[in-house]
Amino acid sequence: MELEYIEHISPVLKDGVKNYLIDIDGTITEDVPNEEPERMVTCEPYPDALETINKWYDEGHQICFFTSRTENLKQITIDWLDKHGFKYHSVLCGKPRGGNYHWIDNHLVRATRYKGKFTDLVEKQVTIEVFKDEE
């Protein structure tokens, strides 16, 4: 991963490179709860998700699957991703369950809600919640 370093602050990705954090269950395959791990082995990927994510990877973006699956299900998850040909850099388990995520970070964060179809991303103006500016 190519990063730009500025003295005494965290590095940032080079211009044009995105760090995709992508959920698994209900996003790239059917929604499989942790309580049914046997389904994690047999579920099929959404074809548009596989194609789009691999394209992003080939374009040089960072792909990290960030899932609510627990750490004891990580190898099942990695095996499933590899079996179906997903290209990725990392898998993070333990994302909090339940949704309604509010990510607070000192780096730029953009969120895209999955609504049933992976496509190229487009720009859109929306209303978001932010911290109040200091006066």
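Trainee: How many salt bridges are there?
Mentor: Nine salt bridges, where a side-chain nitrogen of Lys or Arg must lie within 4 Å of a carboxyl oxygen of Asp or Glu. The model is predicted, so local features need pLDDT of at least 70, side-chain atom pairs count only at pLDDT 80 or more, and totals for chains, interfaces and linings use all residues. Residues are numbered from 1 along each chain as its sequence is written, and side-chain values use heavy atoms, with hydrogens and water left out.
Trainee: What does R69 pair with?
Mentor: D25, at 2.8 Å from N to O. R69 sits in the loop between β4 (62-66) and α3 (74-83) and D25 in the loop between β3 (19-22) and α1, so the bridge ties together parts 44 residues apart in sequence. Helices (H or I, at least four residues) and strands (E, at least two) are DSSP runs numbered from the N terminus.
Trainee: Is R69 buried or exposed?
Mentor: Buried, as is D25; buried is under 20% relative accessible area, exposed over 50%, partly exposed in between (1.4 Å probe, protein chains only).
Trainee: And K87, which residue does it bridge to?
Mentor: D58, with the closest N and O atoms 2.8 Å apart. K87 is in the loop between α3 and β5 and D58 in helix α2, 29 residues apart. D58 counts as exposed at 53% relative accessibility.
Trainee: Switching to rings, how many aromatic pairs?
Mentor: Seven, counting rings of Phe, Tyr and Trp (its six-membered ring) with centres within 6.5 Å; planes under 30 degrees apart are stacked, over 60 edge-to-face, the rest tilted.
Trainee: Why is the Y46 and Y114 pair stacked?
Mentor: Their planes are at 15°, with centres 6.3 Å apart, so the pair counts as stacked.
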